[in-house]
Amino acid sequence: MSPRRPVRLRLRLPHVLLTAVLLGALLGAPPAAAAASPGVPLRVATYNIHAGAGMDNVFDLDRQTSELRSLNADVIGLQEADRHWGPRSEWRDLAGELAERLGMYVYFAPIYSLDPAEPGGPRAEFGVAVLSRYRIVSADNHEITRLSTQDPNPSPAPAPGFGEAVVRVKGRPVHVYVTHLDYRPDPAVRVAQVADTRRIMAEDRGPKILLGDFNAEPGAPELAPLWEELTDADPGAPTFPAQDPVKRIDYVAVSKGAARVRRAWVPESVASDHRAVVADLVLRGGEGGVRGR
């Protein structure tokens, strides 16, 4: 029996590419096209809700619910959120109610947590929160330097209220931080807060998103260190006060290299004394990371 002649296959280019894909899958090595996986879109927003009151100082959570729903954001950072705080917000859990109405997960990080007005009642709390359409897999309430508004003679000291929630976006862990920096004209406390913020965020890997009311404009010297690691999703419009705003003190910022900002904007609204900032992001390819510690 004569030996068989070698069979010569003439594969057109599409067949060659298909063969490479199949071989790569069998060998566990991703083809070039798969290695450069497409980014994942994510819409994020930040909103100081003024304890549920609008520019008119009237408490109206229905109004704010409508405003937040109109943003159609996947992740929202809230500031000035009351939780059983007092009559100004009808003793309600604002972040919890907003999350329930919007069908989102919630993590609340109190800045202040005071003894209840009546024995056995809920604690009176005020702080920041993360709302997310994606599941929150872990969360922390970090301490940063603060000058308490509840102490008649305060001095700068570590205090909670820098919230972090890790959300899993289509298999990728994303670290979302929400903050409310000091409002006083003297920037000294904000300088310390920025240093604390950078230290805490440096402990994490993967995509990072910082949302918040910084109480300083983009060119403020105390914010400059943030822009070494973060990109400001500049909406090109002011955010405060909500009625005829004159300055931008509210921010969406993303870690450099981990996400691309497609666009950002400031919706017109007087549902709070601030306007929101909304940004459409694209998370770059890769699984990201988790807390390094």
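This is a predicted model: local features need pLDDT of at least 70, side-chain atom pairs count only at pLDDT 80 or more; totals for chains, interfaces and linings use all residues.
**Entry 1: Met104**

Setting aside neighbours within four places in sequence, I found Met104 in contact with Ala73, Asp74, Val75, Ile76, Ala99, Leu131, Ser132 and Arg133. I then checked one of these partners, Asp74, along the chain. Met104 and Asp74 are 30 residues apart in sequence, and their C-alpha atoms are separated by 8.6 Å. Where does Met104 sit? I placed Met104 in the loop between α4 and β3 (105–114). Is Met104 buried or exposed? Its relative accessibility is 11%, and the cut-off for buried is under 20%, so Met104 counts as buried.

**Entry 2: helices α3 and α4**

Next I turned to α4, which covers residues 94–102, and α3, which covers residues 61–71. I noted that their axes come within 10 Å and cross at roughly 50°. That angle makes α3 oblique to α4. I recorded the crossing of α3 and α4 as right-handed. Which residues meet here? From α3 I listed Leu61, Asp62, Thr65, Leu68 and Arg69. From α4 I listed Leu94, Glu97, Leu98, Arg101 and Leu102.

**Entry 3: the open sheet**

I traced a sheet of six strands. The sheet is open, its pairing is mixed, and the order is β5-β6-β7-β8-β10-β9. Which strands stand at the edges? They are β5 (136–146) and β9 (230–232). Each has a single partner strand, so one side of each is left without a neighbour in the sheet.

Strand β6 (residues 157–169) and strand β7 (residues 172–180) run antiparallel, and seven bridges join them. Val169 stands opposite Arg172 in β7.

**Entry 4: Val169 and the cores**

Beyond its neighbours within four places in sequence, Val169 is in contact with Val40, Leu42, Tyr134, Val174 and Leu283. Val169 also belongs to the largest nonpolar core, which has 28 residues. Which members of this core touch the most other members? I found Leu42, Val44, Val169 and Ile209. Strand β12 (residues 277–283) gives the most to this core, with four residues.

Last, I noted a second, separate core of 23 residues. Among its members are Leu68, Ala81, Ala99 and Leu131. Two of these names were already in my notes: Ala99 and Leu131 are in contact with Met104. Leu68 is one of the α3 residues that meet α4.

Technical notes. Residues are numbered from 1 along each chain as its sequence is written. Side-chain values use heavy atoms; hydrogens and water are left out. Two strands pair if DSSP finds at least two bridges between them. Helices (H or I, at least four residues) and strands (E, at least two) are DSSP runs, numbered from the N terminus. A nonpolar core is a set of buried Ala, Val, Leu, Ile, Met, Phe, Trp, Tyr and Cys residues joined through side-chain atoms within 4.5 Å. Buried means under 20% relative accessible area, exposed over 50%, partly exposed in between (1.4 Å probe, protein chains only). Contact means heavy atoms within 4.5 Å. Axes are lines fitted to C-alpha atoms, for helices over the stretch in contact, and angles run from 0 to 180 degrees between N-to-C directions. Angles under 35 degrees count as roughly parallel, over 145 as roughly antiparallel, 65 to 115 as roughly perpendicular and the rest as oblique. A crossing is left-handed if the near helix is turned anticlockwise from the far one by less than a right angle, and right-handed if clockwise.
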